[in-house]
Amino acid sequence: MNIDILFRIGLIAVFALSQGLVLGNIHLFNCATPLLYVYFPLLFPRNFPRWASLILCFCLGIAVDCFSNTPGLAAASLTLVGFVQPYVLELYLGREDEEHFSPSLASMGWMKFSTYSLFLTFFFCLVFFSLEAFNFFNCIQWLASVLGSFVLTMVLIIVLEMVRK
């Protein structure tokens with residue numbers, strides 16, 4: 001088996017356990033929850049097999065769903081982000097960039113990586129909380145959950161990238 005796939009399976013365990021045991025219990029102002037596991041598909045390199053990214057995102061989503069008792073929400077949202085990620089990454093890369101380019105703060109620069117991760121993280125939070133609410137009767141709570149979780153998750157992603165750098 002490819003070493004990259006094994007590494008990503010290990011990351012699934014780390015993200016699922018950290019979300020299930022620590023981050024899933026944080027609810028700031030009863031609306032903002034850090035959803036750090038969205039960082040997982042952001043790290044997929046250019047030309048990573050699409051089938052593998054979808055399967056890995058689904059597996060991580062199911063693992064998080066098992067811990068947080070949200071049947072299918074994380075799996076559906078994260079699989080959608082895994083599907084969209086290669087297309088969004090191509091928007092920020094040139095044709096001359098290497099084939100197995102791995103997105104990070106160090107390789108893309110502050111502006112490109114932050115807008116790349118801002119877009120995908122906001123997309124994930126929007127889909128996740130829209131599926132969770134499944135109606136818009138309480139728009140203020142929905143909007144507070146989307147924006148609060150988005151900001152909290154982005155702060156954690158930037159901190160992780162600064163440490164990783």
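Predicted model: local features only at pLDDT ≥ 70, side-chain atom pairs only at ≥ 80, totals over all residues.
**Notebook: aromatic rings**

Residues are numbered from 1 along each chain as its sequence is written, and side-chain values use heavy atoms, with hydrogens and water left out.

I then opened Tyr 92 and Tyr 116, an edge-to-face pair at 6.1 Å centre to centre with 75 degrees between the planes. Tyr 92 belongs to helix α4 (residues 73–92) and Tyr 116 to helix α6 (residues 110–133), so the pair ties together parts 24 residues apart in sequence. Helices here are DSSP runs (H or I, at least four residues), numbered from the N terminus.

Buried or exposed, I wondered about Tyr 116? Tyr 116 is buried, at 0% relative accessible area, while Tyr 92 is partly exposed at 21%. Buried means under 20%, exposed over 50%, and partly exposed in between (1.4 Å probe, protein chains only).

My next stop was Phe 122 and Phe 150: their centres are 5.4 Å apart and their planes at 80 degrees, so this pair is edge-to-face.

Last, I checked charges over rings (NZ of Lys or CZ of Arg within 6 Å of the ring centre and within 35 degrees of the ring normal). Arg 8 lies over the face of Phe 48, 5.0 Å from the ring centre.

Methods: Phe/Tyr/Trp six-rings, centres within 6.5 Å; stacked < 30°, edge-to-face > 60°. Helix = DSSP H or I, 4+ residues; strand = E, 2+ residues; numbered from the N terminus.
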